[in-house]
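Work through these exercises with the structure at hand. Try each task before reading its solution.

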Amino acid sequence: MSSPKWQKSSYSEAASSCLYLAAGTTGAIHLRESDTPDTVLTTTPGRLRPLISALKAGSLDRALVH
């Protein structure tokens, strides 16, 4: 089994925690954070798309304040 080809998010800053994504062999998407690279979350494009849309729209900003 080959290791995933990780791509760093373009929104990650140089000295901050970075989000990495990799395409899985079965169409899955793998996510990991630079502080804990051994912890990998796996999802599908269809499940990740609404989260990314909500983040871009800022609709989760209020949830972070509470």
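**Exercise 1.** In which sense do strand 3 (residues 29–33) and strand 4 (residues 36–43) pair, and over how many bridges?

*Solution.* Start with the ground rules. This is a predicted model, where local features need pLDDT of at least 70, side-chain atom pairs count only at pLDDT 80 or more, and totals for chains, interfaces and linings use all residues. Residues are numbered from 1 along each chain as its sequence is written, and side-chain values use heavy atoms, with hydrogens and water left out.

Next, the terms. Strands (E, at least two residues) and helices (H or I, at least four) are DSSP runs, numbered from the N terminus. Two strands pair if DSSP finds at least two bridges between them.

Now the pair itself. Strand 3 and strand 4 are antiparallel, with 5 bridges. Leu-31 faces Leu-41 of strand 4. His-30 is opposite Thr-42. Glu-33 has Thr-36 as its bridge partner.

**Exercise 2.** What span should helix 1 (residues 45–57) have, at 1.5 Å a residue?

*Solution.* The expected span is 1.5 Å times one less than the number of residues. For the 13 residues of helix 1 that gives 18 Å, which agrees with the 18 Å between its end C-alpha atoms. Just after the helix, Gly-58 takes a positive phi of about 80°.

**Exercise 3.** Which element gives the largest share of the lining of the largest pocket?

*Solution.* Define the pocket first: on a 1 Å grid over the protein atoms alone, it is an open set of points where a 1.4 Å probe fits, with protein on both sides within 12 Å along at least five of seven lines; lining residues have an atom within 4 Å of a point. The volume is the space filled by probe spheres set on the points, which are joined across faces, edges and corners.

The largest pocket has a volume of about 360 Å³. Strand 2 (19–23) and helix 1 are the elements that give two or more residues to its lining. Helix 1 gives the largest share, 5 residues. The lining includes Leu-21, Leu-31 and Leu-55. Leu-55 lies in helix 1.
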